[in-house]
Amino acid sequence: MSNPTKLVPTPGQTVGPFYGYALPYDKDRELLAPGSPGSIRLQGTVYDGAGHTIPDAILEIWQPDSEGNIVQQTGSLVRDGYTFTGFGRSAVGNSGVYTFTTVNPGPTKPGGAAFISVAVFARGLMNRLFTRVYLPEDQEALAADPLLSSLDPERRKTLIARRDADGGLTWDIRLQGEGETVFLNFEGGPAFEGAAAGGAAQ
Amino acid sequence: MPQETNAQLETDELVPAAEPKAGHAPLDRAVETQADLTAEINALGDAYARALKDGAPAETQPRLDYAPYRSSILRHPTKNLHHADPETIELYSPAFGHQDVHALESDLTIQHNGEPQGERIIVAGRVLDGDGRPVAGQLVEIWQANSSGRYIHKRDQHPAPLDPNFTGVGRCITGADGSYSFTTIKPGAYPWKNHLNAWRPAHIHFSLFGREFTQRIVTQMYFPGDQLFPLDPIYQSIVDQDARDRLVASYDHDLTQPEWALGYKWDIILTGSKRTWTENEALGADGDEE
């Protein structure tokens with residue numbers, strides 16, 4: 001394909017307070033049926049810069065299956081009870097807690113660190129934020145991960161889930177302040193970041 | 001961040017009365033007026049204009065840190081977004097198809113027994129990626145207030161009438177050329193509690209998926225010529241005029257249908273692709289369309 005003209009992307013805007021009757025759908029947070037073999041719970045709480053829970057955020061996750069396959073099956077909006085599509089959406093409740101039923105993602109390449117891709121939306125959040133949640137177990141893979149190894153240890157911790165006693169994962173999101181979650185910019189290069197201090201979203 | 005700011009955040013928008021933290025702002029609290037907010041908005045706009053003149057790059061997205069939208073004060077990251085090269089899963093998108101969305105879901109005027117009140121409109125356009133390629137077979141979701149500016153959401157307590165024939169939610173799957181089209185009712189402006197006499201310009205919320213998860217956006221489409229634009233902290237959080245303009249649909253008489261509905265055209269550009277595409281994928285020949 002020839003080199004096409006670069007177009008300037010349309011700006012994002014906040015999801016606002018009233019997505020609740022539009023974005024959620026039946027079984028949106030169940031990537032597979034709870035209780036299915038291999039199913040785990042991924043849960044956590046979303047906090048603001050004062051440490052208060054946020055009651056009006058909505059999260060999306062997108063992940064490979066337990067073998068590391070990226071699923072390209074349609075049907076994420078009509079859970080058929082059998083197909084794992086890899087996509088889920090969970091609005092937080094009044095206490096700021098989100099929950100997904102999913103599987104541990106597999107690494108998508110040999111020796112790679114397994115992670116789930118996350119998009120965060122909230123009232124008061126001007127644009128969606130991307131981040132990742134990594135499985136905690138494979139220390140060697142985590143140490144070799146290009147993103148994690150580019151972060152200092154304190155910040156790196158914010159992207160690694162805790163393993164619960166029941167086999168599930170707990171991972172909190174802090175939009176601001178102490179323990180602020182690392183959010184990602186996929187556009188431009190590292191030099192681009194310096195220009196963003198207190199300014200543009202990306 | 002000062003605590004009093006947070007106290008204010010608890011009351012700045014429509015929160016359910018059942019929540020203990022919710023309630024009404026004390027009457028003796030100094031209420032910020034539109035003039036206060038407009039001054040803040042203009043100061044940030046002027047500073048940006050000066051920076052631009054001094055050679056700063058044009059901004060294309062809203063600022064995450066934009067204090068005139070009070071709810072953003074405690075909800076924006078203070079650290080720079082960390083640059084990451086998208087990997088594996090991020091270079092693909094969830095797949096949606098025609099079993100996910102019924103064709104009739106793109107008409108918001110036929111979801112009930114009767115016709116909704118208001119001005120019937122058609123909103124149509126194309127979803128393209130930053131390289132100009134159509135985003136085919138992907139999910140578009142919209143939601144909006146009714147013609148009197150009321151959301152059906154239980155937290156919306158604006159005393160304007162609900163419309164029993166209008167929910168305000170639609171979905172569609174883009175065509176092979178990236179096209180989408182919704183038939184709906186022109187939404188009304190509505191008041192909110194960011195400051196005294198705060199009104200949002202009429203808008204439709206749009207949620208879009210690209211061919212890669214990195215292209216995912218949620219945004220709002222506005223209508224041309226709205227007098228509320230200069231007053232609205234959410235629209236003005238995009239400090240660049242050219243960038244703001246990209247959220248405004250244009251009236252299109254070719255889309256207008258005689259004796260039926262006015263047409264508005266709005267194309268949506270997602271970010272550029274980070275993945276190497278096969279010819280078939282680039283042409284939208286994969287997935288559900290075949």
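This is a predicted model: local features need pLDDT of at least 70, side-chain atom pairs count only at pLDDT 80 or more; totals for chains, interfaces and linings use all residues.

Modeller: In a regular strand the side chains alternate between the two faces of the sheet. In β9(B), both faces are covered: B:I217, B:T219 and B:M221 are buried on one side, and B:V218, B:Q220 and B:Y222 on the other. A residue is buried if 20 or more other C-beta atoms, placed from the backbone, lie within 10 Å of its own, exposed at 12 or fewer, and partly exposed in between. Strands (E, at least two residues) and helices (H or I, at least four) are DSSP runs numbered from the N terminus. Because six of the six residues of β9(B) are buried, this strand is largely enclosed by the rest of the structure.

Biologist: In what order do the four strands of the open sheet in chain B stand?

Modeller: Strands of a sheet pair through backbone hydrogen bonds, either parallel or antiparallel. Here the order is β4-β3-β8-β9 in chain B, with antiparallel pairing. Two strands pair if DSSP finds at least two bridges between them. β4 (169-173) and β9 (217-222) of chain B are the edge strands; each has a single partner strand, so one side of each lacks a neighbour in the sheet. Neighbouring strands are turned by 20° against each other on average, direction ignored; the axes are lines fitted to C-alpha atoms, for helices over the stretch in contact, and angles run from 0 to 180 degrees between N-to-C directions.

Biologist: Over how many bridges do β8 and β9(B) pair?

Modeller: Strand β8 (residues 203-208) of chain B and β9(B) are joined antiparallel by six bridges, and B:H205 lies opposite B:Q220 of β9(B). At the β4 end, strand β3 (residues 139-144) of chain B pairs with β4(B) over five antiparallel bridges; there B:E141 has B:R171 as its bridge partner.

Biologist: What is B:I204 in contact with beyond its neighbours within four places in sequence?

Modeller: B:I204 belongs to strand β8 of chain B. It counts as buried because it has 25 C-beta neighbours inside 10 Å. Beyond those sequence neighbours, B:I204 is in contact with B:V123, B:I142, B:Q144, B:P187, B:Q220 and B:M221. Two residues are in contact if their C-beta atoms, placed from the backbone, lie within 7 Å.

Biologist: How many residues does the contact take from chain B and from chain A?

Modeller: The size of an interface is often given as the accessible area lost when the parts come together. Counted by residues, this contact takes 77 from chain B and 75 from chain A. On the side of chain B that touches chain A, β1 (82-83), β3, β8, β9 and β12 (268-269) of chain B each supply at least two residues. The largest share, four residues, comes from β9(B). That side of chain B divides into 33 nonpolar, 25 polar and 19 charged residues. Ala, Val, Leu, Ile, Met, Phe, Trp, Tyr, Cys and Pro count as nonpolar, Asp, Glu, Lys and Arg as charged, and the others, Gly among them, as polar.

Biologist: In which sense do β10 of chain A and β1(B) pair?

Modeller: Strand β10 (residues 184-185) of chain A and β1(B) pair in the parallel sense over two bridges. A:N185 has B:H83 as its bridge partner in β1(B).

Biologist: Which residues of β2(A) lie on one side and which on the other?

Modeller: In β2(A), A:A57, A:L59 and A:I61 are on one side and A:I58, A:E60 and A:W62 on the other, and all are buried. This strand, residues 57-62, has two partners in chain A: six antiparallel bridges join it to β5 (residues 115-122), and five antiparallel bridges pair it with β3 (residues 87-91). A:I61 stands opposite A:V118 in β5(A), while A:I58 stands opposite A:A91 in β3(A).

Biologist: Where does pLDDT stay under 50 in chain A?

Modeller: The pLDDT is the predictor's confidence in each residue, from 0 to 100. It averages 91 in chain A, with 91% of the residues at 70 or above. Over residues 190-202 of chain A, pLDDT stays under 50; the model has 24 contacts beyond four places in sequence for this stretch.

Technical notes: Residues are numbered from 1 along each chain as its sequence is written. Chains are lettered from A and ligands numbered from 1 in the order in which they are written.
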